Structures are given as C-alpha cells and as structure tokens.
Amino acid sequence: MFLTTEEERMLSGEEGNATRKAMMILVALGKIYGADRLVEVSSVQVSGVSYKNLGDAGLEFLDDLARDGRARVKTTLNPAGMSLTEWKSQGIQPEFAEKQLRVIDAYRKLGVEISCTCTPYIAGNEPEFGQHIAWGESSAVAYANSVIGARTNREGGPSALAASLTGRTPLYGLHLDGNRVPTLTVYVEARLESPEDFSAMGYSVGKKATDGIPLFRGIKEADLEDLKTLSAAMASSGGVAMFHIDGITPEAGVGPHPANRVTFTPKDLKDARLSLDDEGVPDFVSVGCPHCSLPELALLAKLLRGARVRREFWICCSREVKRQSDEAGYSRWILGSGAKIATDTCMVVAPVEELGHRVVATNSAKACHYLRNAGLRVRFMSLEECVAVATESR
Ligand code: F3S
C-alpha cells in the first residue's frame, strides 16, 4: 500500500507512539481490504464508549493511547453507559461510574469532543456531500452515507480512533464510487405513516439486504426522524451501511436498478411491527434510539405538559439537543412530568438490565433488537403510545 512521506513518518514512530500504533492498525486494515492508499478524513465518530462494552481491556487500550496521542481532525463520541452528570439519579452503581468516567477522561486527553451522542449530524458534526469521514456508529454511518452523501465504512472502535489520531483511513469499500451502487430494489407498497413504520420496515428489509445497498422505490416523503430510525433499524438487523430512496437521497440515481427485487407490502409492515412486540407490562419506557431530535422533544413536551409520569421514562438525546430544548422551553414541560432527559447515554448502552427492569417499551426497532439480546422483553409502539404507557396508572 502506498504511503506518503508524512504517513511513513507516522508509521516509523517519529510522531509518537500512539500515532505509530494507529498507523499500524490502518495499514493492516488497508492490506486486508486491498486499499491502494489512505485518504484524508474530515471527521471521525468514535464508538466503543460504554464501559459496559469496553471493560477493563478497552480502558487500558485507551489509557495507553492517551499518553501521547491527539486527535488530528474533528472527533466526536458515541453515547456512554450513563449520564456523565446525572448517573446517580439513573441508579448507576459507583463502581461502574468510576470506570466510565475514566474512559471519558482518556477520550478527553485524546482531544475527542465529549459529545456522547449517536446523532452527531444534528449535534455539531455534520459532514458535507462527498467528504471522506471515518465513523463508528452503525446508525450514523448509514445516515451519513445515505442521507448526506458523505463516505464512510462501518468503523470499529479502534479503527475510528486510529483515523482520528492520523487524520486518515484506508481507501476501500464505501469510499469508492463503484461500491455505492444499489444491490437490491425494494418496492414499497405499504403506507409509511410514522417513524415507527420506517423503523419496522428497516428492520425487515435489513434482514433481506444483509450487507448490501437497498434502493427503495415508492416512498413519497421522509423527514429526518424517519431517516434516522430507518438507518438504525437496517444497520441492526442487517449490516446495511448505505441505502438509497428514489427522489429523496442524493445518490439515488447512481447505477441501474438492481434486478434483485423484493416488495414490502402492508402485510409485511404489520408482520414486522408484530415481530418486534413481546408480551408483558412495561416497567421501563425509553425513546430516543437514535437520540431524539429537537422536533421530537417538542412533540414530547406537548404530550407531557401537565401529565404525571408513573414509570421510569428515559428520553435519550444529545447534550446539544437538550440545550436547544432548554432554550425553547420544552425541557421544563418534560422534566415537570417526572420524565428524565437522559443525555450522554441510551437504554441500550446503559446497564438497564442491572437496574432491575424486565419489560421495556420503546419506539425503536434497533433498541428492541439489542434489548432482546440482553435478555429483556420489549414492547414496540409509537412515541405517543410510549408516553401513554409511561403516564398510565399502575
Ligand atoms: Fe444510539 Fe443507543 Fe440507539 S447509541 S442508535 S440510542 S442503541
């Protein structure tokens, strides 16, 4: 693989030990995937932040890099396993909190912005069309490639951090034009009337597309909330890192319509929604997977104004969106109801099962997928129904 003089210097250790290790990771990946060279990236999103997933080995890896490593490009962070400031009221144990805060400290030393959100594209890290980036959150990867037209592979925690410390990533996969063409045509006959419908469809289609690139036809409109939950769902049930929607996403016209075709019917939508719904009375309610946008907080404020929450209810969003919600006056109505605005974290990366919850109500297919894997039962419902469950008398 060709390396520039500066890249050779990084690899030789002249620019520090962390940079050398980062470059070794990128060169090894480049060789595995047949990249001719590295490409400069304009931003990085690092996943692998929750101590629940990292463990002590991950913490040691970060501490080691933080001795002399520094981010060279804008680098933002995925959610952590708890709110960095309100963890006590979330019921998090001090031993977990101590380790989680050490993880955050290591990232801070590395020069990473402590944004702790999976929706960096609405929280200050918005790439432009055609830019090369190295993002490590699967839902944000699918959103960035598909909706924005930026270019990233699905990076793991170490490879995203390596890109941050060098400002580069191997040039292969979705960085190349030829790998961004659709592989499966999906004729959508079902009427998609809510973000939950997009989420359920994404979950179903993700299984069929596996790691291919679906091209949706027949969708008349989709807003940011629809597209972010579609991205998350397809990236969780399959390995979808990019999709196209005719007339909506910027690269939908590239390549011919694939001969490999499926239809998504009204029955498929009903079945997909049912398949995500277990039985049981929820003892925990959470929305914001991916993290809520400001319009979602506006809707929640409207629904919760004057209401009283009677079950643990987490509304997950970034600090940046929470700040905007505070300014707009939404947070006052939400918090006044007894609901919690959970910044920095989410219902999946926090140790929810250890908090004693057994049945979770949520409006996200991705959250259903991962919570089930953690041994919890899930109820899949609309955002409005989540509020109704959270506020109903026991
Ligand atoms: Fe984000 Fe957590 Fe869902 S990181 S996409 S809210 S699983």
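Strand E10 supplies five residues to the lining of the largest cavity, the largest share from any element. The model is predicted. E10 spans residues 284-292. Two helices also give two or more residues to this lining: H7 (195-209) and H8 (224-237).

The count comes to one cavity of 30 Å³ or more. About 100 Å³ of space lies in the largest cavity. Its lining holds 15 residues. Nearest the centre are Lys 228, Thr 229, Cys 289, Glu 296 and Asn 363.

Now to a single side chain, Ser 146. Ser 146 sits in helix H5, which covers residues 138-148. Is Ser 146 buried or exposed? Ser 146 counts as buried because its relative accessibility is 2%, and the cut-off for buried is under 20%.

The side chain of Ser 146 has a polar atom close to two backbone atoms, as the table shows.

| Side chain | Backbone atom | Distance |
|---|---|---|
| Ser 146, polar atom | Ala 142, oxygen | 2.5 Å |
| Ser 146, polar atom | Phe 243, nitrogen | 2.9 Å |

Which residues does Ser 146 contact, leaving aside its neighbours within four places in sequence? They are Met 242, Phe 243, Thr 249 and Pro 250.

Conventions:
Residues are numbered from 1 along each chain as its sequence is written. This is a predicted model: local features need pLDDT of at least 70, side-chain atom pairs count only at pLDDT 80 or more; totals for chains, interfaces and linings use all residues. Side-chain values use heavy atoms; hydrogens and water are left out. On a 1 Å grid over the protein atoms alone, a cavity is a set of points where a 1.4 Å probe fits but cannot get out, and a pocket is an open set with protein on both sides within 12 Å along at least five of seven lines; lining residues have an atom within 4 Å of a point. Grid points are joined across faces, edges and corners, and a volume is the space filled by probe spheres set on the points. Helices (H or I, at least four residues) and strands (E, at least two) are DSSP runs, numbered from the N terminus. Buried means under 20% relative accessible area, exposed over 50%, partly exposed in between (1.4 Å probe, protein chains only). A polar contact is a pair of N or O atoms within 3.5 Å; within protein, one must be able to donate a hydrogen and the other to accept it, and residues adjacent in sequence count only if both atoms are side-chain atoms. Contact means heavy atoms within 4.5 Å.
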